[in-house]
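Subject: Structure handover

Hello,

Please find the structure below, for you to look through. My notes on what was found in it come after.

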Amino acid sequence: MRLKGDLPDRIPLFPLPGALLLPRARLPLQLFEPRYLAMLEDVLKTPHRLIGMIQPRPGPDGQPRLAAIGCAGRVTAFSETDDGRYMITLAGISRFRLLREISGFAPYLSAEARWDGFERDRGGPEEDPGFDRETFLATLGRYFASQQLSTDWESLREAGDELLVNSLAMLCPFEPEDKQALLEAPSLETRRETLVTLMEFALRSGGEEVVQ
């Protein structure tokens with residue numbers, strides 16, 4: 001989904017370890033903490049309805065630090081549960097660079113965001129001309145078996161290159177720092193290569209020999 005008009009200089013942040021949102025992808029979230037319910041209420045009043053997803057990292061003093069790059073998503077759907085939680089869907093719009101955290105004006109964090117350098121995020125789907133799908137799916141099959149994961153293989157085979165790679169990057173149970181590497185990949189090809197490297201590393205760690 002594309003966002004019309006300029007992107008705002010300031011957006012609210014949702015720091016969530018291991019959660020990955022990518023441009024043109026969709027991320028379902030459950031909100032229940034009062035600060036994030038307040039955030040949603042404020043976001044729905046804005047014309048852009050953007051929330052910045054970002055990874056918290058351990059700092060040298062033990063206090064969490066936010067990653068330098070996150071991805072903003074537009075709230076495209078939301079519903080309230082009987083117990084007061086909200087189920088929302090974010091549609092990835094663009095990555096951003098964190099310039100400065102802003103706190104004190106609301107119960108949640110906000111940030112000054114810089115969008116330049118990520119113009120490609122706001123275009124159409126990326127292509128990966130060098131994508132060897134059969135080899136990729138074979139590695140994926142071994143990785144899923146090692147992690148005891150299941151999937152709809154027919155849907156994976158029919159999915160476009162970007163949808164396939166980005167969906168797997170978001171869904172596979174990698175460590176937060178690995179998710180950050182996938183987010184920061186400069187192209188779909190680089191993200192796919194990073195994804196394969198992470199799967200092969202997991203297979204080697206599990207004692208399986210990886211066939212090149």
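Overall fold

In this chain, 67% of the contacts (heavy atoms within 4.5 Å) between residues at least 6 apart in sequence join residues at least 24 apart. The model is a predicted one: local features need pLDDT of at least 70 and side-chain atom pairs count only at pLDDT 80 or more, while totals for chains, interfaces and linings use all residues. Residues are numbered from 1 along each chain as its sequence is written, and side-chain values use heavy atoms, with hydrogens and water left out.

The chain holds six helices and eight strands; these are DSSP runs numbered from the N terminus, helices being H or I of at least four residues and strands E of at least two. Read from the N terminus, the order of elements is β-β-α-β-β-β-β-β-β-α-α-α-α-α.

Along the principal axes, the C-alpha atoms fill a box of roughly 55 × 40 × 40 Å. The radius of gyration, taken over C-alpha atoms, is 18 Å.

Of the 212 residues, 43% count as buried. Buried means under 20% relative accessible area, exposed means over 50%, and partly exposed is in between (1.4 Å probe, protein chains only). The chain exposes about 11400 Å², and carbon and sulfur atoms supply 50% of that area; accessible areas come from the Shrake-Rupley method with a 1.4 Å probe, and for residues only the protein chains shown count as cover.

Helix H1 covers residues 34-43, and Tyr36, Met39, Leu40 and Val43 in it are buried. These residues lie on the same side of H1, because they cover an arc of only 95° around the axis (the arc of the directions from the helix axis to the C-beta atoms). The cover over the buried residues of H1 includes strands E1 (10-15), E2 (26-31), E3 (50-54) and E6 (69-80), as well as E7.

E2 pairs with E7 in the antiparallel sense over six bridges (two strands pair if DSSP finds at least two bridges between them). Glutamine 30 has methionine 87 in E7 as its bridge partner.

Salt bridges

The whole structure was searched for salt bridges, and eight were found. The term stands for a side-chain nitrogen of Lys or Arg within 4 Å of a carboxyl oxygen of Asp or Glu. Three of them follow.

Aspartate 128 and arginine 192 meet through their side chains at 2.8 Å, N to O. Aspartate 128 is in the loop between E8 and helix H2 (133-147) and arginine 192 is in helix H6 (residues 188-205), so this pair ties together parts that are 64 residues apart in sequence. Both residues are buried.

Glutamate 112 and arginine 100 form a salt bridge with their closest N and O atoms 2.7 Å apart. Glutamate 112 belongs to strand E8 (residues 110-114) and arginine 100 to strand E7 (residues 86-102), twelve residues apart. Glutamate 112 is partly exposed at 30% relative accessible area, and arginine 100 is partly exposed at 44%.

Arginine 85 and aspartate 83 also form a salt bridge, at 2.9 Å, N to O. Arginine 85 counts as partly exposed at 25% relative accessibility, whereas aspartate 83 counts as exposed at 54%.

Regards

Definitions and conventions:
Rg over C-alpha atoms; globule rule 2.2 N^0.38 Å.
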